[in-house]
Amino acid sequence: MRIDDLELFVAVAEHGSQQRAAEARGLSQSALSKAMARLEAEAGLALFERAAKGLALTRAGEGMLAHARAVLQSMQGLRSALDAQRASRAGQVRLGSIPFLMPSLVSPLLARFFVQRPLATFSIETHLSARLMALLRQGDIDLALVAVPAQLPAEVECSLLGPMRMQVVAREDHPRRAMLRGWPDLAGERWAMPAASLYLRQWLDEKFALAGLAPPRVAVESTASPVALAQLLRQSDLLGLMLSRVLRQPEGQGLAALAGEGMAWSHGLAVCWRRASQPSPLCLDFREAVIQWCREHGI
């Protein structure tokens with residue numbers, strides 16, 4: 001039996017008239033009559049009988065109506081499930097990520113994600129955490145992969161992904177590297193460092209203050225990723241901050257972590273989203289994929 005015939009049958013039963021049902025469905029009465037004749041032929045029984053005010057269901061028709069409604073309800077559930085599946089495989093995710101996570105998390109995860117979601121598209125912004133949080137709060141991105149801010153905005157919710165380890169670094173052949181073993185030893189050094197508004201800079205300023213020292217002497221400050229300053233550190237006597245993982249990669253060649261106490265620091269990374277947003281199924285699936293990837297592989 002055809003689903004559209006069952007839909008028309010239910011309409012006739014509810015209206016008690018083929019003419020009214022045809023008008024409600026936007027069909028000619030002839031087309032509807034043919035559908036009912038086809039359905040009765042397949043059932044092998046009369047489903048309607050004439051009544052004083054139109055058509056009434058026969059006993060067989062009453063049984064058919066109950067089953068038809070159940071079938072149509074089941075079909076609607078199937079259509080909704082398929083719609084949700086299609087929505088989770090198509091559409092766009094507006095993603096923001098700190099540069100550090102692009103090669104280690106975002107790129108390999110996308111490659112795996114596209115196997116199951118070949119119709120998905122992504123728009124990716126790469127900035128430092130402060131800028132990404134601003135874009136998230138403005139509604140310009142759906143998800144942000146960031147370092148957890150000291151104070152989380154009320155409208156933002158996060159799921160922790162794991163720690164990011166930072167270290168104070170200098171070039172391997174820095175003339176004073178062996179002597180830089182405590183914070184007081186760093187008081188006279190010059191730095192290439194993040195801008196004052198960024199959490200890495202705030203951490204460094206706090207370290208100097210706790211040691212009773214004047215603020216660090218800034219030669220270069222930038223809102224770029226610390227990795228962007230690696231070449232400058234390799235070719236100068238400036239000190240800087242660098243991700244521990246980067247020191248083991250080509251970008252970190254020629255740099256070395258200072259061995260002094262307290263010169264390494266871990267900070268949590270997270271995937272963040274706006275509490276009041278209505279994320280798409282695709283966005284929700286990718287958010288869960290990020291969390292699962294970090295559980296399996298770390299950061």
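I take contact to mean heavy atoms within 4.5 Å. The model I examined is a predicted one.

**Entry 1: helix α7**

I looked up the extent of α7 first. The helix covers residues 199-210, 12 residues in total. From its first C-alpha to its last it reaches 16 Å, close to the 16 Å expected at 1.5 Å a residue.

I then asked which residues of α7 are buried. They are Leu 200, Arg 201, Trp 203, Leu 204 and Phe 208. Viewed down the axis of α7, these buried residues fall within an arc of 160 degrees, so they line one face of the helix. On the face turned away from that buried side I found the exposed residues Ala 209 and Leu 210.

Next I checked what covers the buried residues of α7. The cover includes the strands β6 (156-171), β7 (190-194), β8 (217-222), β9 (240-243) and β11 (264-274).

I also noted the residue Gly 212, which follows α7 and has a positive phi, near 75 degrees.

**Entry 2: the largest pocket**

I recorded a volume of about 260 Å³ for the largest pocket. Its lining comprises 15 residues, and those nearest its centre are Ser 129, Ala 130, Met 133, Pro 149 and Ala 150. The largest share, five residues, comes from α6.

Finally, I sorted the lining of the largest pocket by class: 10 residues are nonpolar, four are polar and one is charged.

Technical notes. Residues numbered from 1 in each chain as written. Predicted model: local features only at pLDDT ≥ 70, side-chain atom pairs only at ≥ 80, totals over all residues. Heavy atoms only, no water. Helix = DSSP H or I, 4+ residues; strand = E, 2+ residues; numbered from the N terminus. Expected span 1.5 Å × (residues − 1). Buried < 20%, exposed > 50% of the residue type's maximum accessible area, 1.4 Å probe, protein only. Arc of directions from axis to C-beta. 1 Å grid on protein atoms, 1.4 Å probe; cavity = no way out; pocket = protein on both sides within 12 Å on 5 of 7 lines; lining within 4 Å. Points joined across faces, edges and corners; volume = space filled by probe spheres on them. Nonpolar A, V, L, I, M, F, W, Y, C, P; charged D, E, K, R; others polar.
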